[in-house]
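Me: I have a model open and would like to talk it through with you. Can we go over the chains and how they meet?

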Amino acid sequence: MARINRRRFLKASGAAAVGAKMGIAGILASHQAPVFAQANTVHILRWNDFVPAADKVLREVFAPEVQKALGIKLNVETVNANDIPARATSSIQSGNGPDIIMLLNNYPHLYASAAVDVSAIADEVSKAQGGIYDANAQLNRVGGKWVAMPWSVVPVCIAYRKSWFEEVGAKTFPKTWKEYHDVGKKLKAAKRPIGQTLGNTFGDAPTFTYPLLWSYGGQEVDAKGKVVLDSKETLESVRFMTQFWKDAHDEGGLAWDDSNNNRAFLSGDISASANGASIYVAALNGADKFKTEKGAPLHTDIAHSLLPAGPKGQHAYHTAFNHMVMKYSKNAKGAIEFLKWAHKKENYEKWFTVQKGFAVGPTKVWEDHAMWKQDPVMAPFRTAPQAQKRLMGYASQPEKKAAEGWNKFLVTVMYAQACSGKVKPEEAVKWAAGELGKIYTAT
Amino acid sequence: MNETLVVNGRRQRVSRLTRLLESEKALAAALLAPGVAILVIFIAYPFVMALWYSLTSIRVGEPGEFVGLANFTKAINDTIFQQAFKNTVFYTFWATIFKLALGMWLALLLNRHFRFKRIVRASMLLPFIIPTVLSAFAWRWMFDPTFSVMNWALYHAGVITDRLPFLSDGDWAMWCAVAVNTWRGMPFFAITLLAGLQTISPDLHEAAALDGANAWYRFWHVTWPLLLPVTLVVVVFSVIQTFSDFQLIYVLTGGGPANSTHLIATYAYQIGVGSGLLGEGAALSLFMFPVLFAVVWVQLRTLKRMDNA
């Protein structure tokens with residue numbers, strides 16, 4: 001065996017540095033420390049998905065695949081959705097934090113100045129995938145450019161117990177609020193009330209109260225941004241809800257967050273609830289655990305419907321999930337590359353299919369996916385985003401002032417105050433209109 | 001530059017640093033410097049920044065401009081803030097009263113000799129040791145509108161026929177928050193007051209007993225006056241902590257139902273962080289300052305008077 005001396009070792013190690021052409025010999029020869037390429041890491045902050053399998057896809061499928069395809073090391077961090085604004089605020093103010101932050105609803109308008117323009121991806125994805133839904137475009141476009149990229153939409157439908165509704169004479173889901181009230185009254189009398197949160201929470205409360213308001217003809221502002229909430233239409237909707245609450249609802253809903261209705265439904269305490277499909281998905285995944293009183297898997301007794309219509313039509317509000325590439329990011333280029341890669345049909349599909357319809361794509365092409373043929377119960381979610389014609393701050397724009405009203409839960413609190421029985425509907429409407437007025441008249 | 005010094009007939013070189021440290025003023029300044037630096041960085045700087053923010057229209061990611069007292073005026077006219085302010089005063093007042101009364105009672109009990117005294121004293125601190133977020137979550141489950149274990153127990157014991165609206169009624173929710181705060185803060189009162197009780201000489205109680213004073217008189221005329229300075233300090237600490245409470249309400253009720261349990265801190269967070277209006281959020285939270293300043297001022301004055309008496 002040849003003796004390895006210092007000269008031979010240096011020569012060998014130099015030869016071994018194929019490609020880089022930079023062995024120890026090279027380092028020594030250059031009299032300089034080696035320069036390594038900065039790790040191409042992308043840190044993404046998202047919510048703890050109500051479908052945990054989807055987070056698993058990000059960590060166990062996306063991360064290794066994007067590493068292989070683009071050399072990007074994906075660092076997925078998930079937190080409670082209600083805590084994301086706090087993280088976003090501290091990151092933006094300190095100029096340090098995740099490269100991509102998932103933002104709900106119209107938060108992109110709030111943080112627009114901290115965003116990297118992602119118009120190129122949005123245009124590309126929209127063109128290739130049948131167009132981004134109008135509502136999602138409005139939520140993510142500020143000043144003519146895309147400040148965040150729509151990732152998904154969680155449609156809100158009413159999940160209900162088919163057999164219980166049939167027992168009180170409702171063969172199909174009620175078409176109007178009035179019919180829903182009548183059915184709900186019978187259900188509550190049978191100790192199977194409707195469950196609905198009117199709490200200070202981001203999802204199920206406003207996605208119920210805003211469409212209710214609109215379906216009675218009420219609206220926050222007019223097209224010029226003048227507050228018009230204090231109207232006979234709004235009052236009519238609040239009066240209706242107050243009686244509906246008393247007659248048909250589980251009154252504990254005033255203190256519910258976005259998860260209480262899931263638990264109450266799965267335990268058989270409520271008969272219906274406005275929700276994403278997470279109740280059904282949980283019942284499906286836990287078929288052995290969640291049963292009807294007759295012992296059948298609970299998911300076989302669940303159906304979905306869009307929210308009922310009011311005197312002025314039928315409306316919906318679906319929660320939007322968007323990704324913002326942060327301006328302070330030291331790897332904005334990598335973050336954009338990752339988003340481009342993630343939105344490619346073959347990649348996005350892996351995340352989309354495990355959602356089973358709880359979250360749908362931001363573009364129309366996903367309405368035609370084969371997954372929808374597998375489970376007819378999920379059918380109402382397929383095209384649900386098309387039903388969303390209005391956003392917070394209607395009939396004006398879903399901009400910063402609308403976000404402030406939304407984040408103060410003004411519309412939800414208006415209904416909650418009246419339903420609590422402590423405030424008259426007239427006073428609740430006047431209060432909400434007054435508070436909204438202060439927001440819209442502020443400079 | 002070094003100088004020479006003659007010690008025991010030997011000439012020694014004395015460094016400038018040694019000379020500096022021999023100066024009492026310089027040494028005091030050196031020893032105080034780390035503490036002052038910490039105070040400046042972690043207390044003075046954030047406070048000054050909050051003050052500046054409150055006078056500007058700063059939003060997340062936007063520097064804003066000077067707006068004078070506009071944020072304060074907006075807050076005063078904001079009915080949710082008015083409610084949050086009233087709630088904060090109510091919450092602080094009742095929680096402090098209960099913590100003081102129950103803490104005192106517990107301290108008097110623990111001051112006695114009984115078996116397993118040390119274990120009981122240590123375990124009593126548990127509510128104080130457990131992170132507030134965790135204990136608030138546990139209480140939230142116990143008060144859950146659908147699955148409350150207390151409703152379940154009361155229902156099965158035949159005490160109630162319908163669920164009690166622990167968190168779904170505004171008044172109930174506020175009293176529940178007061179109860180949880182009392183549960184959490186009472187051990188702090190009890191342990192501190194217990195420490196105070198143990199400094200009171202038993203001779204005083206014996207002398208009073210010999211003079212015919214009953215238990216109440218002994219407490220009122222011997223224990224209470226001697227415990228007053230400690231009590232004042234504990235009450236002030238508690239008022240400061242309770243008035244600026246955030247975690248408990250954030251987890252337990254989120255300020256609901258219908259804003260009926262919002263405190264200044266939770267509402268300031270909702271505006272400053274939730275809506276990105278940092279200037280307005282800072283102004284809202286600064287409303288706590290004059291109240292807490294007044295409380296501390298009264299306490300310091302009272303303590304000074306007691307010292308002089």
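Me: What share of chain B is buried?
Reply: In this predicted model, buried residues account for 33% of the 309 residues in chain B.

Me: And what is chain B built from, how many helices and strands?
Reply: Chain B holds 15 helices and 2 strands. Its radius of gyration is 26 Å, whereas the globule rule gives 19 Å for 309 residues, so chain B is more spread out than a compact globule. Along its principal axes, the C-alpha trace of chain B spans about 95 × 70 × 35 Å.

Me: OK, switching to the interface: how many residues of chain B are in contact with chain A?
Reply: On the chain B side there are 28 residues, in contact with 35 residues of chain A. The elements of chain B that give two or more residues to that side are α4 (79–110), α9 (170–197) and α13 (264–274).

Me: Which of them gives the most?
Reply: That is α13(B), with 3 residues. By class, the side of chain B that touches chain A divides into 9 nonpolar, 15 polar and 4 charged residues.

Me: Now chain A, what are its domains?
Reply: Chain A is divided into domain 1 (41–154 + 319–379) and domain 2 (157–317 + 389–441), and 27 Å separate their centres, taken over C-alpha atoms. The contact between them takes 19 residues from domain 1 of chain A and 18 residues from domain 2 of chain A.

Me: What is the domain 1 side of chain A like by class, where it touches domain 2?
Reply: That side of domain 1 of chain A has 12 nonpolar, 6 polar and 1 charged residues.

Conventions:
Residues are numbered from 1 along each chain as its sequence is written. Chains are lettered from A and ligands numbered from 1 in the order in which they are written. This is a predicted model: local features need pLDDT of at least 70, side-chain atom pairs count only at pLDDT 80 or more; totals for chains, interfaces and linings use all residues. Helices (H or I, at least four residues) and strands (E, at least two) are DSSP runs, numbered from the N terminus. The radius of gyration is taken over C-alpha atoms; the globule rule is 2.2 Å times the number of residues to the power 0.38. A residue is buried if 20 or more other C-beta atoms lie within 10 Å of its own, exposed if 12 or fewer, and partly exposed in between; C-beta atoms are placed from the backbone. Two residues are in contact if their C-beta atoms, placed from the backbone, lie within 7 Å. Ala, Val, Leu, Ile, Met, Phe, Trp, Tyr, Cys and Pro count as nonpolar, Asp, Glu, Lys and Arg as charged, and the others, Gly among them, as polar. Domain bounds come from an automatic or database domain assignment.
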